Amino acid sequence: MYLCEMGIIKVENIRVYAHHGCLKEETAIGSDYRVDVEVKANLKLSSKSDNLSDTIDYVFLNKVVREEMATPSKLLENVAQRILNRFFKEDKLISKATVWVSKINPPIGGDVEMVTIKLSEKRKN
């Protein structure tokens, strides 16, 4: 019997309405955002035990994203870093995490579907 060691859990296309941006109008009016997260962890125990407590709960990942997106930031990098900080602080199983934060229809002039920033971080021992 073979059991996985490292695994990936992804939560994709988390849609939120938030108030981020450098322009006063952006923080006042708000806009649509898309957030994607990917976390790496040792999933050997959970693949054997079938217990939620032995893995990373994607409900937790979604909750952190929604809570951090609710706090306005000038830069998407700032909100993405806050999400990463919470992941590592609140779930010891996460060994690496990547967060993509996309602003839908950004006010940059022209026909642009979205702008996206991506931050990745590994757990420091």
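Which residue in β3 is the bridge partner of tyrosine 33?

1. The bridge partner of tyrosine 33 is lysine 103 in β3. Residues are numbered from 1 along each chain as its sequence is written, and side-chain values use heavy atoms, with hydrogens and water left out. The model is predicted, and local features need pLDDT of at least 70, side-chain atom pairs count only at pLDDT 80 or more, and totals for chains, interfaces and linings use all residues.

2. An open sheet is formed by 4 strands in the order β1-β2-β3-β4, with antiparallel pairing (strands are DSSP runs of E, at least two residues, and helices are runs of H or I, at least four, numbered from the N terminus; two strands pair if DSSP finds at least two bridges between them). The edge strands, β1 and β4, each pair on one side only.

3. Strand β1 (residues 6-18) pairs with strand β2 (residues 31-42) over 11 bridges in the antiparallel sense; here methionine 6 has asparagine 42 of β2 as its bridge partner, and isoleucine 9 stands opposite valine 39 in β2. The antiparallel pairing of β2 with strand β3 (residues 94-104) runs over 9 bridges.

4. As for the helices, α4 lies across β2, β3 and β4 and runs at about 150° to β3 (axes are lines fitted to C-alpha atoms, for helices over the stretch in contact, and angles run from 0 to 180 degrees between N-to-C directions; contact means heavy atoms within 4.5 Å).
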